[in-house]
Amino acid sequence: DVEYRQKVALIGTTTAENLYGMSNPIGQNVQINGQSYKIVGILEQKGSSFGGSNDDKILIPITSAERLLRSKGVRSVYIQADSAESVNTVKSLIEEELQKKFKGSQNSSGQTFYSVFNQQDMLSTVTSISDTMTMALAGIAGISLLVGGIGIMNIMLVTVSERTREIGIRKAIGAKKRDILVQFLIESMVLGGCGGLLGIAVGVGGAKLVSRLTNISVSTSWNVVLLAFVFSLCIGVFFGLFPANKAAKLKPIQALRTE
C-alpha cells in the first residue's frame, strides 16, 4: 500500500461509530478532502488521553498522505522508552544521532532545524497545574462545607428553640439526656445526608452532561462518591453536636414553662 500509494484507510472505533453506526465499515469508502479511501480495517479501541480521543482518527499510507497533503517527509516522530528512568538517556542518544545526521543544519541564529521534546517535562507542568487546581478546588470545597455546616447548626438551633416545650415533655415522662442528644443528632445527620445526596446527584449528572456535550469520556468513582456521602453525614454530626447538646441540657421545668 505504501509502495503503490494505495487509497486505503484504517479507522478508529469512534470514527466507525460516527460514520457507519452499527453496520460493518470494512470494504466501504470514506471521503477525505474529496478523495475516496477504501476502509480495510478498524483500529483497536484505546480510549481517551490528555490530547483527546485516540479512537477518533483515520490512518492512511504515508505516501498517500504526502500526495493528499502535498507535503513530503515526516515532521514528527514519537519514541517510547523501556522505562521512565531511561527517558533522559534516550533523549541524549537521539540528540547525538540527530547532530551526526544533520551536522551543519543550522539557521543564522545557530539554532538547529529540529528539536527533541521530553514529554515528562510537559507531564510535570500538567501535574503542577493539576495540583494547583486541586488545592484551589479543595479550598472552595472547604469553604462550602463550613458554610453548609453553619447553616445546619443554625437550623438545628432554631429547631431546638421552637421545640423546647416538646423537649420538656419528653424529659418529664422519662427521656434521658442521651435520648434527646441522639434525637437531634439524627436530625442533623439527615440534613447533612440529604445535602450530600443532592450534591452527588448534581455532580454525577453534571459530569454526564459535560461528557455528552464535549465528547469527553467521564468515569465515576463510586468509592469516592461513598466517601463524600459519609463525609456529609460527619459534617451533620459535627455541626449538629452543639444544638443537640444544648437541647439535652435543658431542664424539664424550665422547658415546660416556655410558651
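A residue counts as buried under 20% relative accessible area, as exposed over 50%, and as partly exposed in between. On this scale Cys194 is partly exposed, with a relative accessible area of 47%. Cys234 is also assigned to the partly exposed class, at 45%. These values, like those that follow, come from a predicted model.

The cysteines were examined for bonding. A disulfide is a covalent bond between the sulfur atoms of two cysteines. The structure holds zero disulfides. For Cys194, the closest cysteine sulfur is that of Cys234, 16 Å away, which is too far for a bond. The cut-off for a disulfide is a sulfur pair within 2.5 Å.

Salt bridges were considered next. The structure holds four of them. One links Lys72 to Glu66, with the closest N and O atoms 3.9 Å apart. The cut-off for such a bridge is 4 Å. The two partners fall into opposite accessibility classes. Lys72 is exposed, at 71% relative accessibility. Glu66 is buried, at 18%.

A further salt bridge pairs Lys100 with Glu97. Here the closest N and O atoms are 4.0 Å apart. Both residues belong to helix H3, and they are separated by about one helical turn because they lie three residues apart. Lys100 is exposed, with a relative accessibility of 61%. Glu97 is partly exposed, with a relative accessible area of 48%.

Arg163 and Glu166 also form a salt bridge, and their closest N and O atoms are 3.1 Å apart. Glu166 is partly exposed, at 35% relative accessibility.

Helix H6 spans residues 177–214 and includes Ser188. Ser188 is buried, and its relative accessibility is 0%. A polar atom of the Ser188 side chain lies 3.1 Å from the backbone oxygen of Gly236. The cut-off for a polar contact is 3.5 Å between N or O atoms.

The structure holds one aromatic pair. Its members are Phe238 and Phe239, whose ring centres are 5.2 Å apart. The angle between the ring planes is 85°, and the pair is edge-to-face. Planes over 60 degrees apart are placed in that class. The two rings differ in accessibility class. Phe238 is exposed, with a relative accessible area of 61%. Phe239 is buried, with a relative accessible area of 13%.

Nonpolar side chains were also found at the surface. Val2, Ile62, Val74, Val77 and Ile79 form a nonpolar patch there. Together these residues have about 460 Å² of accessible area. Ile79 is exposed, with a relative accessible area of 54%. The position of Ile79 is in the loop between helix H2 (62–69) and helix H3 (87–101). Helix H3 is also the site of the Lys100 and Glu97 pair described above.

Terms used
Residues numbered from 1 in each chain as written. Predicted model: local features only at pLDDT ≥ 70, side-chain atom pairs only at ≥ 80, totals over all residues. Heavy atoms only, no water. Buried < 20%, exposed > 50% of the residue type's maximum accessible area, 1.4 Å probe, protein only. Phe/Tyr/Trp six-rings, centres within 6.5 Å; stacked < 30°, edge-to-face > 60°. Patch = residues over 30% accessible without salt bridge, like charges linked within 9 Å, V, L, I, M, F, W, Y side chains within 5 Å. Areas by Shrake-Rupley, 256 points an atom, 1.4 Å probe, with all protein chains shown as cover. Helix = DSSP H or I, 4+ residues; strand = E, 2+ residues; numbered from the N terminus. Polar contact = N/O pair within 3.5 Å; in protein donor to acceptor, adjacent residues only side chain to side chain.
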